Protein chains: 2
Amino acid sequence: MQADLPPAAACVAGIDVGGTSLRVALADETGTILARWGGSTVGVRTPESVIRMMCEGVRKTLSQAGISAAALKAVGAGVPGITDTENGMVIATSYLMGWRNVPLRSCLEQELNVPAAVDNDVNLAAVGESWLGAAQQSRDFVFMAIGTGVGAGIVLDGHLYRGSCWAAGEVGYMLLPGTAVIPARSDEPGALESLLGGEGIRAQWEQRWCAEKTQLPKTLSATEIFDHAGDGEPLARAILCESATLLAYAIYDITRILNCPLFVLGGSVGLHPALGEATRAILEKWKLRQGPRVMQSALGADAQLLGAIRAALDVAGVRSQSVVSPAK
Amino acid sequence: MQADLPPAAACVAGIDVGGTSLRVALADETGTILARWGGSTVGVRTPESVIRMMCEGVRKTLSQAGISAAALKAVGAGVPGITDTENGMVIATSYLMGWRNVPLRSCLEQELNVPAAVDNDVNLAAVGESWLGAAQQSRDFVFMAIGTGVGAGIVLDGHLYRGSCWAAGEVGYMLLPGTAVIPARSDEPGALESLLGGEGIRAQWEQRWCAEKTQLPKTLSATEIFDHAGDGEPLARAILCESATLLAYAIYDITRILNCPLFVLGGSVGLHPALGEATRAILEKWKLRQGPRVMQSALGADAQLLGAIRAALDVAGVRSQSVVSPAK
């Protein structure tokens with residue numbers, strides 16, 4: 001989506017804060033990306049240092065694109081945590097970052113001197129998919145982010161549903177057949193997440209690996225395991241099949257509760273085509289009367305970033321043609 | 001709630017169609033019930049015969065209260081099935097009744113010559129609890145009906161959430177730790193329902209009963225089993241504990257998805273205080289950071305009926321003070 005356009009008259013920046021990286025993209029009002037910047041957040045954990053990196057990233061994309069700071073109309077930022085979008089406050093991030101009640105929106109506004117919007121990163125990915133991705137025209141869908149963590153962005157009647165305390169979509173904590181039978185503590189990975197998340201898949205491979213069973217190395221990433229499953233490697237296939245079964249349980253339960261017709265899979269693990277394919281096969285085998293469609297994210301790793309850009313356009317007052325607005 | 005009021009100037013009727021009984025209540029605009037009528041639907045299954053019974057019930061309550069048909073302003077009816085409230089159509093009832101695409105609203109309007117509203121019975125129970133029961137002032141809550149079937153009425157942001165095809169809240173089909181691992185067909189009881197519903201609890205008792213283990217009879221109803229659990233009978237206690245654990249799983253998963261702070265338990269099994277108490281004890285043991293409150297229905301068996309009355313008042317144009325409106 002990198003474009004060779006002349007410098008835009010007005011632009012916004014989207015920021016995506018991940019577990020190990022921070023990405024910034026500058027875009028015009030169509031979502032065309034004018035410049036990108038990325039940095040590692042390994043060892044960068046405090047709100048002050050992460051916010052400093054965010055602002056640095058925004059300034060670098062502006063200079064990269066040759067656009068003056070005056071042309072920047074707003075920024076949007078997605079963070080991996082429970083976020084009060086009304087007050088612009090990150091209530092809590094996952095156990096990895098450990099933020100509590102960080103007034104991220106006002107910090108960004110003060111530093112960059114433009115209006116800002118902040119939200120949970122998975123919610124913003126749902127907004128991105130709705131705007132320019134796999135869920136255009138869908139008034140009801142669930143974006144399932146499966147990476148290191150597992151979470152959902154839930155869109156109902158054309159609006160993000162955030163829950164009474166901004167904590168909707170914490171599906172990685174669901175208890176399902178085959179998971180733990182006692183909920184995980186909030187400072188540890190959830191029951192579903194600890195099996196279906198990237199770390200969980202990797203750990204299962206390592207636990208079940210032995211030289212007699214497979215010629216593959218003991219240390220593989222989740223996506224490498226799924227690649228080998230696609231090639232028919234038996235142990236990798238077994239792990240893929242169990243992951244897909246868990247994902248099918250989660251999708252089935254969510255759709256029985258919400259009667260939601262579309263699930264969009266994203267995140268580094270969720271984007272792997274073998275997982276989507278195996279999950280669809282299980283749901284089809286169950287012969288559900290109104291089974292949901294399960295699609296892959298159309299925006300891939302850019303879903304969050306484009307959702308953040310859409311949120312920034314919204315606060316900048318640029319109308320959206322998309323079904324879902326990030327506004328509550 | 002039976003009152004000795006003088007005949008009201010204007011009134012509405014609420015109708016609740018259950019698996020084995022049909023109940024009608026005539027009420028004024030405050031929800032004060034002026035007359036009641038009930039009949040058995042055993043052997044009465046076709047839409048024509050059930051609708052005939054509904055209209056007969058409404059006429060009987062009018063004559064019982066000494067109110068002329070002209071004073072009846074509207075009727076509301078709750079049915080155990082997937083209901084399109086916009087078109088007044090019962091899309092499908094449970095496997096017991098077997099209705100498909102019945103234009104219930106227009107049938108009632110034609111027969112009774114007043115506007116009608118129709119909805120799923122559990123949705124109406126949620127409306128009732130919101131209007132006059134345990135969920136007054138709650139903008140987000142889930143009414144869990146646990147009787148022969150298991151279903152939920154979901155209220156989000158002050159509105160019933162009905163799903164993209166009117167089938168939200170089918171929580172009796174959820175797959176959880178300890179349930180079946182393959183979804184039930186739509187013409188059979190759901191995986192959770194077949195264990196937590198009244199029939200499921202009764203069947204578990206019968207399967208595990210033996211004369212050496214208990215002095216109680218082999219045939220007991222779910223509520224009788226829970227009564228004995230309260231008295232400390234070991235087999236009954238074990239079954240109560242398993243039922244409460246399943247209910248706690250369902251509540252936990254729903255609250256992780258929806259971040260919903262309140263669950264109201266209703267239905268003949270759900271109303272049993274021992275089940276609510278045991279479920280709360282499990283949730284407390286889990287030490288959740290933001291655990292939901294679990295309350296008993298305040299309206300008991302009248303929740304659906306009062307929700308139907310509220311729906312009738314809405315179509316009659318009588319404004320509601322309650323948070324939740326039955327209108328979509």
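Me: What makes you say that the copies meet through the same surface?
Reply: In this predicted model, 100% of the interface residues of chain B are also interface residues in chain A. So the copies meet through the same surface. Contact here means heavy atoms within 4.5 Å.

Me: Why are the two copies called related as by a two-fold rotation axis?
Reply: Two copies of a chain are related by a rotation about an axis and a shift along it. Here a rotation of 180° with 0.0 Å of shift along its axis superposes chain B on chain A, at RMSD 0.0 Å. The relation is thus as by a two-fold rotation axis.

Me: What ground rules apply to the numbering and the values?
Reply: Residues are numbered from 1 along each chain as its sequence is written, and chains are lettered from A and ligands numbered from 1 in the order in which they are written. The model is predicted, so local features need pLDDT of at least 70, side-chain atom pairs count only at pLDDT 80 or more, and totals for chains, interfaces and linings use all residues, while side-chain values use heavy atoms, without hydrogens and water.

Me: What is the confidence in chain A?
Reply: pLDDT is the predictor's confidence in each residue, from 0 to 100. Chain A averages 93, and 95% of the residues score at least 70. Over residues 1-8 of chain A the pLDDT is below 50. Where pLDDT is low, the predicted coordinates should not be read in detail. The model scores ipTM 0.94 and pTM 0.94.

Me: Why is Ile91(B) called partly exposed?
Reply: Buried means under 20% relative accessible area, exposed over 50%, partly exposed in between (1.4 Å probe, protein chains only). Ile91(B) has 26%, so it is partly exposed. Ile91(B) lies in strand β6 (residues 89-93) of chain B. Its contacts beyond four places in sequence include Trp99(B), Asn101(B) and Trp166(B). The C-alpha atoms of Ile91(B) and Asn101(B) are 4.2 Å apart.

Me: How do you know that the buried residues of α2(B) line one face of the helix?
Reply: Leu104(B), Leu108(B) and Leu112(B) are buried in α2 (residues 104-112) of chain B. Seen down the helix axis, they fall within an arc of 40°, so they line one face. The arc is that of the directions from the helix axis to the C-beta atoms. Helices (H or I, at least four residues) and strands (E, at least two) are DSSP runs, numbered from the N terminus. Asn113(B) follows α2(B), with a positive phi near 60°.

Me: How does the span of α1(A) compare with the one expected?
Reply: The expected span is 1.5 Å times one less than the number of residues. α1 (residues 47-65) of chain A has 19 residues and reaches 27 Å, close to the 27 Å expected. Gly66(A) follows α1(A), with a positive phi near 70°.

Me: What makes β2(B) and β3(B) a pair?
Reply: Two strands pair if DSSP finds at least two bridges between them. Here 7 bridges join the antiparallel strands β2(B) and β3(B), so they pair. Ser21(B) stands opposite Ser40(B). In this hairpin Gly31(B) takes a positive phi near 90°.

Conventions
Least-squares fit on C-alpha atoms with pLDDT ≥ 70 in both.
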